[in-house]
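The structure is shown first, and the description follows.

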Amino acid sequence: MSSGAQLAAWRRPRAVLWTLAGVAALGFLAALEFAAYHYGLPGPVATQAREVILTPRSGPLLYATLALMMVVLPWRERFIAAAVAVGIDIAYLPVRWAFDAKMYFGNGALWVLLGYAVIAFTHRTGRERALLLKGVGLGLLLLAGRKTGETWLLITSTTRPMVLDQYVAVADHALGSPSWLAGRIVEATGPIGTGIIDWVYVQLAIPAVVIAIYQLRNVASEGRFPGHHLVRTFLLIGLLGPGIYMIFPVVGPVYAYGAEGGQWALAHLWPNTPPAISPPHPIPHDEITPRNCMPSLHTAWTVVIFIHSRTGPRLIRYLGTFWLVATLGATLGFGYHYGVDIVAGVVFAVTIEAALRAHHRGWDRPAVLLVVYGTTAFAALLASYRYLPMEMARQPWVCGPLLLLVMISVVHLYVRTTRLWGSKSTPAPQPEPQPALV
């Protein structure tokens, strides 16, 4: 078989796979749009379409997606694209002022992103067109993931009137109710410490985009994307996580036991007094607060940011470490999550990252074992929170270390397996040729 025929044979199943994935994604978006319409909520497609003209919800996110798309462009075109986006936003300002709208930005980035989709079809051919479309698709996927997540959260608050916070709060006694301790520590840091970790918590996209751009820095020169990068894991976490919210709806301690919960809070105990250990039951909550605690996706995202930062230079590694520590402090210290949410989020993230790496390099026995073990551990954690919370709270010196051991074992197996993959992919050094005797 000729090399051209071999290449065509190799590309055919990949083309079919990408086509199926595209059809599945479009079907999922259509189904979510219909579900949102059924519940009287704005869907992800309609929300994004409005931002072409109206004020966007997140200007930094739109410019982050534009930056990701620009990894496929040469430097000159990157400067031009950025200048056009900024110019459009500046031109928007007097229009917003005339209509007394919010003085914001972001439309320019979205216009440029969509404009390059048109350019790909009208002014590019062959591999250049495919590469540019992949760049535009990457940016649009990030936007779709954000809008899909927002719609999911609205649906969880509408369709899950009962929450399982009592179960999680009781199970959290096995870890010493860390959210209550972290909440008091954050309060003690004053407005400066609170402001810093709040900014870190909200701006999770910043380190993600920095690391993703670093990983994709050679796309324009090489003419292809790497087989695995941070954005893939980020998107899959955002796609799968909200589905678990529907199965295990939890609002968080600051809403179930704190002042933010208002009249729906069981009591205003957070962060001073952990709830008493008593048999839990589902409790009602409002139709506004998202049921987005189990697992902690902020934890999951920052864990994969940390993992991917390990392969970068020192500054990237410091960035990943700082964001991980600060985000964990924020998730607990602001009362958005319980300790057991964090444990579940770490296992969830590591398992998804392992599955995507295995898909890229090929499934072997260690890969299958790692993903199966991580999935089983995650399911066991959720089952124990739901059905064994009293046993966990009554024996914290046994169950607390056991929870941590499960999380650490998944992380350890991931590190050991990925190191094994790395050693296999590194060719063994060949002995230098020695002069032969004549």
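## Aromatic pairs

Phe348 and Phe378 are both buried, where buried means under 20% relative accessible area, exposed over 50% and partly exposed in between, for a 1.4 Å probe and protein chains only. The model is predicted: local features need pLDDT of at least 70 and side-chain atom pairs count only at pLDDT 80 or more, while totals for chains, interfaces and linings use all residues. Residues are numbered from 1 along each chain as its sequence is written, and side-chain values use heavy atoms, with hydrogens and water left out.

The structure has twelve aromatic pairs, a pair being two rings of Phe, Tyr or Trp (its six-membered ring) with centres within 6.5 Å; planes under 30 degrees apart count as stacked, over 60 as edge-to-face and the rest as tilted. One of these pairs joins Phe334 and Tyr336, which is tilted, with 5.8 Å centre to centre and 50 degrees between the planes. Phe334 is buried at 13% relative accessibility, whereas Tyr336 is partly exposed at 25%. The pair of Phe348 and Phe378 is tilted because the planes stand at 35 degrees, with ring centres 5.3 Å apart. Phe348 lies in helix 16 and Phe378 in helix 17 (residues 365–387), so this pair ties together parts that are 30 residues apart in sequence. Helices (H or I, at least four residues) and strands (E, at least two) are DSSP runs numbered from the N terminus. Tyr63, Tyr104 and Phe105 form one aromatic cluster.

## Nonpolar cores

The largest nonpolar core has 64 residues, and those with the most contacts inside it are Ile237, Met294, Tyr338 and Tyr385. Helix 16 gives the most to this core, with eleven residues. A nonpolar core is a set of buried Ala, Val, Leu, Ile, Met, Phe, Trp, Tyr and Cys residues joined through side-chain atoms within 4.5 Å. A second, separate core of 29 residues includes Ala117, Leu142, Leu143 and Val231.

Beyond its neighbours within four places in sequence, Tyr338 is in contact with residues including Asp165, Trp180, Val250, Pro253 and Leu332 (contact: heavy atoms within 4.5 Å).

## Helix 8

Helix 8 spans residues 178–188, and its buried residues are Pro178, Ser179, Trp180, Ala182, Gly183 and Val186. These buried residues pack against helix 9 (190–202), helix 13 (253–256), helix 15 (314–333) and helix 16 (339–361). Just after helix 8, Gly190 takes a positive phi of about 80 degrees.

## Pocket and cavity

The second largest pocket has a volume of about 680 Å³. Its lining comprises 26 residues, of which Ile307, His308, Arg310, Arg357 and Tyr414 lie nearest the centre. Helix 19 gives the most to this lining, with seven residues. By class, the lining of the second largest pocket has 14 nonpolar, eight polar and four charged residues; Ala, Val, Leu, Ile, Met, Phe, Trp, Tyr, Cys and Pro count as nonpolar, Asp, Glu, Lys and Arg as charged, and the others, Gly among them, as polar.

On a 1 Å grid over the protein atoms alone, a cavity is a set of points where a 1.4 Å probe fits but cannot get out, and a pocket is an open set with protein on both sides within 12 Å along at least five of seven lines; lining residues have an atom within 4 Å of a point. Grid points are joined across faces, edges and corners, and a volume is the space filled by probe spheres set on the points. The structure holds one cavity of 30 Å³ or more, and the largest cavity contains about 40 Å³ of space. Helix 6 supplies the largest share of the lining of the largest cavity, four residues. That lining has three nonpolar, one polar and five charged residues.
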